[in-house]
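Have the sequence and the 3D view open as you read.

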Amino acid sequence: MVDEAGMKAAMQAYIDAFNAADPEAIAALYADDATVEDPVGSDRKHGREAILAFYRMAVQTGARLSLAAPIRASHDNAAAMAFDVHLEMPTGQSVIRVIDVMRFDADGRFASMEAYWGPSDVAPAAG
């Protein structure tokens, strides 16, 4: 079972790999049979290849992530983080406010990721 420090480190590695535009490093954080639902309510991506394809597309947007609060762990196998996605949209520089919840397998890899955000969480970037 992964411990609290391990969960937080994996989630920080996710942020770092995304900001380095390294989809292979992001996908390596996931178990082979993991799922990604981003945003919750969209089609779930299942398996490492589908997850890699998703992150290849995501990093090509030029988006960058910044934590909005410290990463939170749990007493079980899940952790969450609130962060902002900064990206250029057709309407200009924008921010999407997101909460990701990751569940971990026994090896400390992500078994699932759910991204919580909706249309009202997308706004023009300040200043």
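## The nonpolar core

A nonpolar core here is a set of buried Ala, Val, Leu, Ile, Met, Phe, Trp, Tyr and Cys residues joined through side-chain atoms within 4.5 Å. Buried means under 20% relative accessible area, exposed means over 50%, and partly exposed is in between (1.4 Å probe, protein chains only). This is a predicted model, with local features needing pLDDT of at least 70 and side-chain atom pairs counting only at pLDDT 80 or more, while totals for chains, interfaces and linings use all residues. Residues are numbered from 1 along each chain as its sequence is written, and side-chain values use heavy atoms, leaving out hydrogens and water.

The largest nonpolar core has 34 residues, and Tyr 14, Tyr 30, Tyr 55, Met 102, Phe 104 and Phe 110 have the most contacts inside it. Helix 1 (4-19) gives the largest share, 7 residues. Helices (H or I, at least four residues) and strands (E, at least two) are DSSP runs, numbered from the N terminus. As for Tyr 55, contact means heavy atoms within 4.5 Å; leaving aside residues up to four places away in sequence, Tyr 55 touches Tyr 14, Phe 18, Pro 23, Ile 26, Tyr 30, Val 36 and Met 113.

## Helix 1

Which residues of helix 1 are buried? They are Met 7, Ala 10, Met 11, Tyr 14, Ile 15, Ala 17 and Phe 18. Just past the helix, Ala 21 takes a positive phi of about 55°.

Glu 4 pairs with Lys 8, their closest N and O atoms 3.6 Å apart. The two sit 4 residues apart, about one turn of the helix. Glu 4 is partly exposed at 45% relative accessible area, and so is Lys 8 at 31%.

## Strand 1 and its neighbours

Strand 1 (residues 30-37) is mostly covered, with 6 of its 8 residues buried. Strands count as paired if DSSP finds at least two bridges between them. Strand 1 runs parallel to strand 7 (residues 110-116) over 4 bridges and antiparallel to strand 2 (residues 45-46) over 2 bridges.

Glu 37 has Glu 114 as its bridge partner in strand 7, and its salt-bridge partner is Arg 44, at 2.9 Å between the closest N and O atoms. Glu 37 is buried at 9%, whereas Arg 44 is exposed at 52%. Asp 32 and Arg 109 also meet in a salt bridge (4.0 Å, N to O). Asp 32 lies in strand 1 and Arg 109 in the loop between strand 6 and strand 7, so the pair ties together parts 77 residues apart in sequence.

Technical notes:
A salt bridge is a side-chain nitrogen of Lys or Arg within 4 Å of a carboxyl oxygen of Asp or Glu.
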